[in-house]
Amino acid sequence: MDASTVPFAPGSLVQHWKGGLYRIDAIAVREADGATDVVYRLLADPSARAWTRLLSGFVEAVEGLDGEARPRFVPIALPDDARLRVAAAATGVPGDVVEATLARYREPQRHYHANWHVHDVFARADAQGLSLDRAQVLALLFHDAVYVAGAPAGVNEALSALLLRQAAAGRDALPAQDVERACAMIEDTASHRARDDAGATVVALDLATLGDEPARFDAWTELVWLEYRHLFSGEPDPRGAFMRRRVRVLSALLEATRDAALLPGCRERFAGNLERLARRVPA
């Protein structure tokens, strides 16, 4: 494998076989011998020194503790904004509203509730063949526009809905009826209980990552940890305390959505991911 066939690009995320996420800084070709190096950095501490490894060693299979061979680093593909922009244009959501809202998802403290997540919900809607109306597009675009880790339940969602109302004020392209429907859907994502079928689709798309395959679920857990770790800094074992809380929160969420219409297969995969997560949490 050479630089032209690398399965990831600078800026992309990879997951180490033992856990932990890294960001690719660069793919470099050595002048002396033409070998390809990967320059990468721990996502949890981007100020720390970068590491360099030959591409061949970066992607080679290693034997895990379970005896199964797997790549040393697995690329974690993040969706782009293509499907979001198609959906916004199709429903008449102004481009400047999209741009201003996406800027909020680029705030430096965000890792999970970041641009990739809002892109992801639209990519999944397209993959499921779902046709979103204007209110649903606005709800998905704004549902995490305000996000403060550890805020009281419902506060982020209420402020995100308020931000939508402010963005829509005086815009004929965003009728009040659609805006208010969207705000109701945003507020419903706090409890994950939708008041109508349109809102149920928004909730299902928001929760879909919980039913991802294990490597991606583990990556999302790491991104949530990076957002929340400052809240556990006073604990003797911050990571352990976070993981125990994560299991409690997700267990309650699985129960709360028992009768919700999640995406096909999501509930079963979510339950499997939660069971696997719980086995790894320190007592």
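How much space lies in the largest pocket? In this predicted model, the largest pocket holds about 860 Å³ of space.

## The largest pocket

The lining of the largest pocket is made up of 34 residues, and those that lie nearest its centre are H113, Y147, H192, Y228 and V249. Two or more lining residues are given by each of α6 (155-168), α7 (176-191), α8, α9 (214-228) and α10 (238-256), and the largest share, eight residues, comes from α10. Divided by class, the residues of this lining are 19 nonpolar, 10 polar and five charged.

## The second largest pocket

The second largest pocket has a volume of about 580 Å³, and of the 20 residues that line it, H16, W17, K18, G19 and D218 are the closest to its centre. The elements that contribute two or more residues to this lining are β1 (13-16), α9 and α11 (266-280), with α9 giving the most, five residues. By class, the lining of the second largest pocket has six nonpolar, six polar and eight charged residues.

## The contact of α5 with α8

Helix α8 (residues 197-207), which is among the elements that line the largest pocket, also packs against helix α5 (residues 134-142), and the axes of these two helices come within 10 Å and cross at roughly 30°. Because angles under 35 degrees count as roughly parallel, α5 is roughly parallel to α8, and the crossing of the two helices is right-handed.

In this contact, Q136, A139 and L140 of α5 meet A198, T201, V202 and L205 of α8. The residues concerned divide into five nonpolar and two polar, with no charged residue among them.

Key. Residues are numbered from 1 along each chain as its sequence is written. This is a predicted model: local features need pLDDT of at least 70, side-chain atom pairs count only at pLDDT 80 or more; totals for chains, interfaces and linings use all residues. Side-chain values use heavy atoms; hydrogens and water are left out. Axes are lines fitted to C-alpha atoms, for helices over the stretch in contact, and angles run from 0 to 180 degrees between N-to-C directions. Helices (H or I, at least four residues) and strands (E, at least two) are DSSP runs, numbered from the N terminus. Angles under 35 degrees count as roughly parallel, over 145 as roughly antiparallel, 65 to 115 as roughly perpendicular and the rest as oblique. A crossing is left-handed if the near helix is turned anticlockwise from the far one by less than a right angle, and right-handed if clockwise. Contact means heavy atoms within 4.5 Å. Ala, Val, Leu, Ile, Met, Phe, Trp, Tyr, Cys and Pro count as nonpolar, Asp, Glu, Lys and Arg as charged, and the others, Gly among them, as polar. On a 1 Å grid over the protein atoms alone, a cavity is a set of points where a 1.4 Å probe fits but cannot get out, and a pocket is an open set with protein on both sides within 12 Å along at least five of seven lines; lining residues have an atom within 4 Å of a point. Grid points are joined across faces, edges and corners, and a volume is the space filled by probe spheres set on the points.
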